[in-house]
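Me: I'd like to go through this one feature by feature, with the rule for each before the case. Can you start with how to read burial?

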Amino acid sequence: MRKGSIAALLGLALIAGGVATAVALVPTWLPEAASQQAGRIAFTFWFVIAICIFIFAIVAAVMVYAVVKFRVREDDFEDGPPIHGHTGLEITWTIIPFVLVTSIAIVSAIVLSRNDAQAKDTLRVDVTAQQFEFTFSYPDAGNVTSPVLMLPKGRSVELYMRALDVIHSVFVPEFSVKEDIVPGLVTQLHVTPTRLGTFPLECTELCGLGHSLMRSQAVVMEPAAFNSWLKKQEKGAAPSTTTSTTSTTSSTTPISPAQAGLMVFNQNGCSACHTLSAANATGKVGPDLDNLVSYARTAKQPLESFVHQSIVDPDAYIQPGYSKGVMPTNFGQVLTKEQLDHLVTFLVQSAQKSGNK
Ligand code: CUA
């Protein structure tokens, strides 16, 4: 090979590699890491990207060089010379990819096993997924439940995840971890948060009409703040005979049944699917709860028993324009009788208010 050709190839490779490197580095492709796992995943990502840029530069250089240099001349009708393989070249282009792919496999295997390795004091969180909400509970703290995932910074956390209806998937981009939740299985996900903050937690498996609304948050707190949050929740959750069952503020002033109902509404993610002005809810999947009075009239039922039935047996009556089987059918079991009564009272009162407007 002549010196000029080598220089031309090298120049082309540098240009192609430079462009690819700029595309890789200039836009922000990954969210800022907020877990140990994310740091390792980012390392794997950049390791693979570097190899890709290296290969891309060689392929692009040889391709452009060949297209320009070996282009057929206008008056040339000859066949090219008969070439049958090149053993040296073939060995080279087999060995180099073999080494690269093997190195990716080794790096990935190490990262995966480290990412899944639990520490001794791993915190267990049970996750329940259903159309269209997540519930997080803390079995080591009297099964305190929360609609958002509260986590202490720097502690290894293992999520044990169950689905009540269809396949869901949990993903926190800043943690770089994701796992499907499959009915009939308990799937696990391990994460060690390293950064304080509130991060989006979303369902990433198309699970029905409300899939795009199936979002929550992961909140990473200082361990001391997390422990006091957990204690407060435990205290608030224990006396389930009082009005406020799972109030986050656990105040001592008694609240009205309608106010308690609003809390039940908010804690169970009803706003993801329903519009209700009394709760500032704007969901569009299910019926507009500001119109309950007219729905009850269409269903030819008294308002209160209509609301009650629609919660515990949602498929018994379907408002025209909406689909059967979208509303979870297990609220009758999930809510205590008291919570259910409060929710009904709240919905009836706010429906009467908006119905009178
Ligand atoms: Cu649950 Cu998408």
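Reply: Buried means under 20% relative accessible area, exposed means over 50%, and partly exposed is in between, using a 1.4 Å probe and protein chains only. Before the cases, some ground rules: this is a predicted model, where local features need pLDDT of at least 70 and side-chain atom pairs count only at pLDDT 80 or more, while totals for chains, interfaces and linings use all residues. Residues are numbered from 1 along each chain as its sequence is written, and side-chain values use heavy atoms, with hydrogens and water left out. Now the case: Cys-203 has 6% relative accessibility, so it counts as buried. Cys-207, at 4%, is buried too.

Me: Since we're on cysteines, how many disulfides does a search of the whole structure find?

Reply: A disulfide is a pair of cysteine sulfur atoms within 2.5 Å. By that rule, the search of the whole structure comes back with zero.

Me: On to sheets. What holds the strands together, and what is the strand order of the open sheet with β1 in it?

Reply: Strands of a sheet pair through backbone hydrogen bonds, either parallel or antiparallel. Strands here (E, at least two residues) and helices (H or I, at least four) are DSSP runs numbered from the N terminus, and two strands pair if DSSP finds at least two bridges between them. The sheet you mean is open, has five strands in the order β3-β2-β1-β5-β8, and its pairing is mixed. β3 (144-146) and β8 (187-191) are the edges with a single partner strand each, so one side of each has no neighbour in the sheet. From one strand to the next, the twist averages 25 degrees; for such angles, axes are lines fitted to C-alpha atoms (for helices, over the stretch in contact), and values run from 0 to 180 degrees between N-to-C directions.

Me: In which sense do β1 and β2 pair?

Reply: Antiparallel: five bridges join β1 (residues 123-130) and β2 (residues 133-138).

Me: What about the open sheet with β4 in it: which strands are at its edges?

Reply: That sheet is also mixed and has five strands, in the order β4-β10-β9-β6-β7. Its edge strands, pairing on one side only, are β4 and β7 (177-181). Ignoring direction, neighbouring strands there are turned by 20 degrees against each other on average. β4 runs parallel to β10 (residues 215-221), with four bridges between them, and Met-150 faces Val-219 in β10.

Me: How do I read aromatic pairs, and how many does a search of the whole structure find?

Reply: A pair of aromatic rings is described by the distance of the centres and the angle of the planes. Rings of Phe, Tyr and Trp (its six-membered ring) pair if their centres lie within 6.5 Å; planes under 30 degrees apart are stacked, over 60 edge-to-face, and the rest tilted. The search finds ten pairs. In one of them, Phe-265 and Phe-346 have centres 6.0 Å apart and planes at 65 degrees, so they are edge-to-face. Phe-265 is in helix α5 (residues 257-267) and Phe-346 in helix α9 (residues 337-356), so this pair ties together parts 81 residues apart in sequence. Both Phe-265 and Phe-346 are buried. Elsewhere, ring pairs connect Tyr-138, Phe-226 and Trp-229 into a cluster.

Me: Which charged residues sit over the rings of Tyr-160 and Phe-171?

Reply: The rule asks for NZ of Lys or CZ of Arg within 6 Å of the ring centre and within 35 degrees of the ring normal. Over Tyr-160 you'll find the charged end of Arg-124, 3.9 Å from the ring centre. Over the face of Phe-171 it's Lys-178, at 4.7 Å.

Me: Last one: how many salt bridges are there?

Reply: Side chains of opposite charge can pair when their charged atoms come close. A salt bridge needs a side-chain nitrogen of Lys or Arg within 4 Å of a carboxyl oxygen of Asp or Glu, and the count is five. One of them joins Arg-195 to Glu-32, with the closest N and O atoms 3.8 Å apart. These two link distant parts of the chain, 163 residues apart: Arg-195 is in the loop between β8 and β9 (197-203), Glu-32 in the loop between α1 (3-25) and α2 (36-69). Arg-195 is partly exposed at 24%, whereas Glu-32 is exposed at 57%. Another joins Asp-341 to Lys-337, with a closest N to O distance of 2.9 Å; both lie in helix α9, four residues or about one turn apart.
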